[in-house]
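Dear colleague,

I am handing this structure over to you, and I hope you will look through it with the notes below beside you. Please open it first and then read on.

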Amino acid sequence: MKTGIHPDYHEITIIMTDGSEFKTQSCYGKAGDTLRLDVDPKSHPAWTGVQRMLDTGGQVAKFNKRFAGIGARAAKK
């Protein structure tokens with residue numbers, strides 16, 4: 001195996017959407033970094049069976065603003 005080509009494998013902390021956390025080994029970031037999840041098995045509809053709207057960064061609002069006029073007909077003069 002070649003030396004010096006593999007990423008550093010170290011311990012990080014994962015914080016779930018409900019605030020619980022655990023430590024795991026990963027190549028993410030640096031040793032001791034924290035990864036905060038937006039979606040995890042406790043909140044994702046594929047595992048919970050409950051649908052909910054998750055508006056990350058205003059994407060839904062941006063879509064609604066951009067396409068608000070589609071389908072609305074202008075009044076004839």
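Predicted model: local features only at pLDDT ≥ 70, side-chain atom pairs only at ≥ 80, totals over all residues.

Residues are numbered from 1 along each chain as its sequence is written, and side-chain values use heavy atoms, with hydrogens and water left out.

Tyrosine 9 is located in the segment before E1; helices (H or I, at least four residues) and strands (E, at least two) are DSSP runs, numbered from the N terminus. Not counting residues up to four places away in sequence, tyrosine 9 touches Gln25, Ser26 and Cys27, a contact being heavy atoms within 4.5 Å. Although tyrosine 9 and cysteine 27 are 18 residues apart along the chain, their C-alpha atoms are separated by 4.8 Å. Histidine 6 also belongs to the segment before E1, and its relative accessibility of 48% is the reason why it counts as partly exposed. Between histidine 6 and cysteine 27 there are 9.6 Å in space, C-alpha to C-alpha, and the two are 21 residues apart in sequence.

**The chain as a whole**

The protein chain contains two helices and three strands, and along the sequence they follow the pattern β-β-β-α-α. Of its 77 residues, 12% count as buried. The chain exposes about 6900 Å², of which carbon and sulfur atoms supply 56%; these accessible areas come from the Shrake-Rupley method with a 1.4 Å probe, and for residues only the protein chains shown count as cover. If you take the contacts with a separation of 6 or more, residues 24 or more positions apart account for 8% of them.

**The sheet**

In what order do the three strands of the open sheet stand? The order is E2-E1-E3, with mixed pairing, and two strands are taken to pair if DSSP finds at least two bridges between them. The edge strands, each pairing on one side only, are E2 (21-26) and E3 (34-36). On average, neighbouring strands of this sheet are turned by 30° against each other, direction ignored, with axes drawn as lines fitted to C-alpha atoms (for helices over the stretch in contact) and angles running from 0 to 180 degrees between N-to-C directions.

E1 and E2 run antiparallel and are joined by six bridges. They form a hairpin with five residues between them, and glycine 19 in the turn has a positive phi of about 95°.

**Buried residues**

E1 is mostly covered, since five of its six residues are buried. Histidine 10 lies in this strand and is itself buried because its relative accessible area is 6%. Its bridge partner in E2 is serine 26, and its contacts beyond four places in sequence include Thr24, Gly29 and Ala31. A polar atom of the histidine 10 side chain lies 3.5 Å from the backbone oxygen of lysine 30.

Is aspartate 40 buried or exposed? With a relative accessible area of 2%, aspartate 40 is buried, and its place is in the loop between E3 and helix H1 (45-48). Its side chain reaches the backbone nitrogen of threonine 17 at 2.9 Å, a polar contact being a pair of N or O atoms within 3.5 Å, where within protein one must be able to donate a hydrogen and the other to accept it, and residues adjacent in sequence count only if both atoms are side-chain atoms. Leaving aside neighbours within four places in sequence, aspartate 40 is in contact with Met16 and Thr17.

**An aromatic pair**

Finally, the structure holds one aromatic pair. The rings of phenylalanine 63 and phenylalanine 67 have centres 4.9 Å apart and planes at 50°, so the pair is tilted; rings of Phe, Tyr and Trp (its six-membered ring) pair if their centres lie within 6.5 Å, and planes under 30 degrees apart count as stacked, over 60 as edge-to-face and the rest as tilted. Phenylalanine 67 counts as partly exposed, at 33% relative accessibility.

With best wishes

Conventions
Buried < 20%, exposed > 50% of the residue type's maximum accessible area, 1.4 Å probe, protein only.
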